[in-house]
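Dear colleague,

Please find below the structure I promised to pass on to you.

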Amino acid sequence: MTSLQITYFLKVADCMSFSQAAQELYVSQPSVSRQIHLLEQDLGCALFDRSRKNAVSLTAAGMVYRETFRRAAQDFEAAQHTTRTLSAEARLSLRVGTGTYWDLSEQLLAFREETLRRYPLARLYFESNDFKQLRAKVRSGGLDAIVCTKTSLVDFDDLEVAHIATLESRAYVKKGLLRPENEPLQLEDFYGQSLMMLSEEESPLAMELAQIQFQEHQVKVNPVWMPNRDTILQGLLMGDGVAVFDQYMRFSKDPRLTWLTMGDQIPVCVVWNRKNTNPLIHVFVEVLQRTMIGAG
């Protein structure tokens, strides 16, 4: 299978005519027919139905390969466009978004050092936002890549997703609320507590998965959806309930809070638009997979 064969196939699929395709490609019709025949041999199936005189149509296999080859051609064209804009003096740039209240400063510093070692002229931009905004920005092109929990994704269309770590799930609560501060927490201590979690709009599966962790141990909690992490933190500090997050949350080191390690884990990933061929995205994935706790 060659790029020439794919080009000829896509042209015939567009024209639904071998003769017209040959004219638009400025080659002979036998040349087009020969290349299509070789492609069909390589693939092991017929791509066109030639049973009707002076008319061709795509077979079921032909329809599948037409869409596959079109996507591949579009991706290749995007890659060519990116590489044409690069030169020895070109400055690569990458815009990265991370979840609000995550402390990934060490990982981002390691990424910056690695990037500048490979690409000394690269420019890097970082921002924090809620998962809803991060998803919108990576789809619109406002960000090149984002770091988020997999539970915050429900629509993967046009997105590339790379798993980077599986983090520890913790139930956070105000010190002294459930037990005296010098006594270790037990899971049954959480029975009847309000479980404060992010809204379904921001993290669609978070509440359901957190509840399951308690239900597996017959511990009943009362779900309460909160608008953002700030309100959850304030609720924790006021003793209004508990929350389930990972160990990278900034308030994990707050001396006013304590936590109990849960049995489940939280998958974290890097997400980017499939059409984005920026080479720094892959450097970003590599560094986070190497540096995050629970990576791999």
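Predicted model: local features only at pLDDT ≥ 70, side-chain atom pairs only at ≥ 80, totals over all residues.

Helix 6

Helix 6 spans residues 131-140, and its buried residues are Phe-131, Leu-134, Arg-135 and Val-138. Viewed along the helix axis, these buried residues lie within an arc of 100°, so they line one face of helix 6.

What do the buried residues of helix 6 pack against? Their partners are strand 3 (93-99), strand 4 (123-129), strand 5 (145-149), strand 6 (159-174), strand 10 (257-273) and helix 8 (229-237).

Both ends of helix 6 deserve a look. Just after the helix, Gly-141 adopts a positive phi of about 95°.

The cavity

A search of the whole structure returned one cavity of 30 Å³ or more. The volume of this largest cavity is about 270 Å³. It is lined by 23 residues, of which Thr-149, Thr-151, Ala-206, Val-244 and Ile-266 are the closest to its centre. Strand 7 (194-198), helix 7 (206-215), strand 9 (243-245) and strand 10 each give two or more residues to the lining. Strand 10 is also one of the elements against which the buried residues of helix 6 pack.

The largest pocket has a volume of about 210 Å³. Ten residues line this pocket, and Ser-3, Ile-6, Thr-7, Ala-73 and Phe-76 are the closest to its centre. Helix 1 (3-15) and helix 4 (60-85) are the elements that give two or more residues to its lining, and helix 4 supplies the largest share, six residues. The lining of the largest pocket comprises six nonpolar, three polar and one charged residues.

The second largest pocket has a volume of about 170 Å³. Its lining consists of Asp-103, Leu-104, Ser-105, Glu-106, Gln-107, Gln-247, Tyr-248, Lys-253 and Ile-293. These residues divide into three nonpolar, three polar and three charged.

With kind regards

Definitions and conventions:
Residues numbered from 1 in each chain as written. Heavy atoms only, no water. Buried < 20%, exposed > 50% of the residue type's maximum accessible area, 1.4 Å probe, protein only. Helix = DSSP H or I, 4+ residues; strand = E, 2+ residues; numbered from the N terminus. Arc of directions from axis to C-beta. Contact = heavy atoms within 4.5 Å. 1 Å grid on protein atoms, 1.4 Å probe; cavity = no way out; pocket = protein on both sides within 12 Å on 5 of 7 lines; lining within 4 Å. Points joined across faces, edges and corners; volume = space filled by probe spheres on them. Nonpolar A, V, L, I, M, F, W, Y, C, P; charged D, E, K, R; others polar.
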